[in-house]
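Morning, everyone. Let me put the model on the screen, and then we go through it piece by piece.

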Amino acid sequence: MSAPRRRRKIMAEMNVVPYIDVMLVLLVIFMVTAPIMQTGVKVDAPDVQAEPLDANNQLEPLTLSVDASGKLFLDDGTEMPADGVTAYVTSQMDAKAERPVYVRADSTVEYRYLMNAMVAVQKAGAKKIGLMADPAPPDQQ
């Protein structure tokens with residue numbers, strides 16, 4: 001005679017261990033790729049004590065960066081000559097030229113390079129041109 005078979009108890013619990021493994025892998029992937037996703041040009045803007053601009057503006061601003069050697073860069077880090085910046089900004093402006101354009105400049109940049117960048121933006125017809133700076137450290141306020 002054969003031995004009586006034991007019936008297995010049905011398990012109604014969900015095994016979440018594989019899901020935790022997948023979550024941890026995704027977390028590591030996002031932690032590694034997040035710093036890579038930030039684009040732009042390294043500019044050491046001057047520190048100033050000023051109020052931030054009103055963020056209620058519906059239009060996303062264009063940002064033009066000027067590095068210490070006077071080279072001009074667009075939002076995405078693409079280097080461009082002054083006449084190319086004028087054409088690009090012209091193509092990005094709305095009908096009323098209300099889209100703001102911000103110029104970021106290194107704190108050591110020569111004044112003429114900053115003015116060349118602002119003139120290139122002005123030639124494009126931009127009405128709202130602003131200069132960007134870093135907030136002053138708390139000990140200087």
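Of the 141 residues in this chain, 23% count as buried. Buried here means under 20% relative accessible area, exposed means over 50%, and partly exposed lies in between, with a 1.4 Å probe and protein chains only. This is a predicted model, so local features need pLDDT of at least 70, side-chain atom pairs count only at pLDDT 80 or more, and totals for chains, interfaces and linings use all residues. Residues are numbered from 1 along each chain as its sequence is written, and side-chain values use heavy atoms, with hydrogens and water left out.

Surface next. The chain exposes about 11,200 Å², and carbon and sulfur atoms supply 58% of that. The areas come from the Shrake-Rupley method with a 1.4 Å probe; for residues, only the protein chains shown count as cover.

Now the layout. The chain has three helices and seven strands. From the N terminus on, the elements run α-β-β-β-β-α-β-α-β-β. Helices (H or I, at least four residues) and strands (E, at least two) are DSSP runs, numbered from the N terminus. Among contacts between residues at least 6 apart in sequence, 71% join residues at least 24 apart. Contact means heavy atoms within 4.5 Å.

The unreviewed UniProt entry marks residues 16-37 as "transmembrane region". UniProt positions are in the numbering used here, feature names are shortened, and annotations may be inferred rather than shown by experiment. In the model, residues 16-37 are 95% helix and 0% strand. The end C-alpha atoms of that stretch are 31 Å apart.

So what is the strand order in the open sheet? Five strands, S4-S3-S2-S5-S6, with mixed pairing. Two strands pair if DSSP finds at least two bridges between them. S4 (79-80) and S6 stand at the edges with a single partner strand each, so one side of each is left without a neighbour in the sheet.

Take S5. Four of its five residues are buried, so S5 is largely enclosed by the rest of the structure. S2 and S5 run parallel and are joined by five bridges. Thr-63 stands opposite Tyr-102 in S5, and Val-66 stands opposite Ala-105. S5 also pairs with S6 (residues 129-132), in the parallel sense, over four bridges. There, Val-103 has Leu-131 as its bridge partner, and Arg-104 stands opposite Met-132. S5, H3 and S6 make a right-handed β-α-β unit. Right-handed means that, with the strands pointing away from the viewer, the path from the first strand over the helix to the second runs clockwise.

Now S2. Four of its five residues are buried as well. Two bridges join S2 to S3 (residues 72-73), and this pair runs antiparallel. Val-66 has Leu-72 as its bridge partner in S3. S2 and S3 form a hairpin with five residues between them, and Gly-70 in the turn has a positive phi of about 95°.

On to the core. The largest nonpolar core has 19 residues. A nonpolar core is a set of buried Ala, Val, Leu, Ile, Met, Phe, Trp, Tyr and Cys residues joined through side-chain atoms within 4.5 Å. Those with the most contacts inside this core are Leu-64, Val-66, Val-85, Val-89, Met-93 and Val-101. S2 (62-66), H2 (82-92), S5 (101-105) and H3 (111-123) each supply at least two residues of the core. H3 gives the largest share, four residues.

Which residues does Leu-64 touch, leaving out those up to four places away in sequence? Among them are Leu-72, Phe-73, Val-85, Val-103, Ala-117 and Val-121.

Last, Ala-120. Its place is in helix H3. Is Ala-120 buried or exposed? Buried, with a relative accessible area of 4%. Ala-120 touches Ala-82, Val-85 and Thr-86, not counting residues up to four places away in sequence. Ala-120 and Ala-82 are 38 residues apart along the chain, yet their C-alpha atoms are separated by 5.8 Å.

That's the tour. Thanks.
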